[in-house]
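Trainee: I have a new structure to look at today. Could you walk me through it with some questions and answers?

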Amino acid sequence: MLKIGCHVSSSGGYVSMLNDTKYIGGNVFQWFTRNPRGCQAKEINEEDLNKFIELAKENNFGPFLAHAPYTLNCCSDKESVREFAIDVFKQDLKILKRVPNSMYNFHPGSHVGQGKEIGIKYIIDALNEVLEEDQETLVLLETMAGKGSEVGSSFEEIKEIIDGVKLSHLLGVTLDTCHIHDGGYDIVFAFDKVLEEFDRIIGLDRLKAIHLNDSKNPVGAHKDRHEVLGKGYIGLDAIEYIINHPKLKGIPIYLETPNELDGYKYEVNLLKELYKGE
Ligand code: FE
Ligand code: FE
Ligand code: ZN
């Protein structure tokens, strides 16, 4: 069975996110732990969380992917921004301890002109500070499009970060199809080659989540503008190939296409039709 869902609004709480997922025909979801532009995390409503845990179990839903806010930049040139990132990271991981079957996805960051090497070093330092020995939540580095000074647009950069982290068994990778396509990986005509490269450099066992998005821009554009499935440069044939790839079996897929719930419902349905497995 496909593990599939979309990014849902967290404003109504956990049960509401689960209901949205049911509505679109999914069984996994992604959410922002707080306003994506930063700000305070919301208080946990105990009743809501407990009900959610019960329902998730009952429905066999998950894993659930928490997305860090976009303002979290572990490799900024400003110390205050890096400290804020570490703070948010720690708070979010603390929240996720309470959410069974959850993972934490973050953008490695933008080095803002300091250079990739320094950026990577800061990201490693941050991870070494926030990860804890007894932690269960996996932390996923998201592959990026290479817009501006983004770090993490090549598999080599992701690997370099993982290699520098002491508790690296807690790290995984989210493959965002729009991002790697925009980053220059030709997933339309050479998906097998791209996967082989991922496996050789990072290792496929690190791949824990897929952000399935089409792209408004051609391969290598370094833009990061998501498109609804089939309407962009990646196209439905490639998407069908990706979701049916035997090496990606069982990896949860999260849609981040520009849609409201009904649009996601349509896409989940479409993907179920394109899926050849059980
Ligand atoms: Fe993201
Ligand atoms: Fe993404
Ligand atoms: Zn994106």
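**Metal sites and salt bridges**

Mentor: Let us begin with Asp-125, which counts as partly exposed at 36% relative accessibility. The labels are that buried means under 20% relative accessible area, exposed means over 50%, and partly exposed is in between, using a 1.4 Å probe and protein chains only. Before you ask more, note that this is a predicted model, where local features need pLDDT of at least 70 and side-chain atom pairs count only at pLDDT 80 or more, while totals for chains, interfaces and linings use all residues. Residues are numbered from 1 along each chain as its sequence is written, chains are lettered from A and ligands numbered from 1 in the order in which they are written, and side-chain values use heavy atoms, leaving out hydrogens and water.

Trainee: Thanks! Which residue meets Asp-125 in a salt bridge?

Mentor: A salt bridge is a side-chain nitrogen of Lys or Arg within 4 Å of a carboxyl oxygen of Asp or Glu. Here the N to O distance is 2.9 Å, and the partner of Asp-125 is Lys-121.

Trainee: How many residues apart are Lys-121 and Asp-125 in helix α4?

Mentor: Helices are DSSP runs of H or I with at least four residues, strands are runs of E with at least two, and both are numbered from the N terminus. About one helical turn separates Lys-121 and Asp-125, because their spacing in helix α4 is four residues.

Trainee: Is Asp-163 buried or exposed?

Mentor: Asp-163 forms a salt bridge with Lys-159, with the closest N and O atoms 3.1 Å apart. Lys-159 is partly exposed at 27% relative accessibility. Asp-163 has a relative accessible area of 52%, so the label is exposed.

Trainee: How many residues apart in sequence are Glu-46 and Arg-98?

Mentor: The side chains of Glu-46 and Arg-98 meet in a salt bridge at 2.8 Å, N to O. Glu-46 lies in helix α2 (residues 46–59) and Arg-98 in the loop between α3 (79–96) and β4, so the pair ties together parts whose separation in sequence is 52 residues.

Trainee: Now the metals, please! Which residue coordinates both the iron ion (ligand 1) and the iron ion (ligand 2)?

Mentor: Donors are N, O and S atoms within 2.8 Å of the metal (3.2 Å for Na, K and Ca), and sites may look incomplete because water is not among the atoms. The iron ion (ligand 1) is coordinated by His-67 (NE2), His-107 (NE2) and Glu-142 (OE), at 2.1 to 2.2 Å. The two iron ions are 3.3 Å apart, and the residue that coordinates both is Glu-142.

Trainee: Is His-67 buried or exposed?

Mentor: The relative accessible area of His-67 is 2%, so the label is buried.

Trainee: How far apart are the zinc ion (ligand 3) and the iron ion (ligand 1)?

Mentor: The protein donors of the zinc ion (ligand 3) are His-179 (NE2), Asp-224 (OD) and His-226 (NE2), at 2.0 to 2.3 Å. Among them, His-179 is buried at 2% relative accessibility, and His-226 is buried at 18%. From the zinc ion (ligand 3) to the iron ion (ligand 1), the distance is 5.2 Å.
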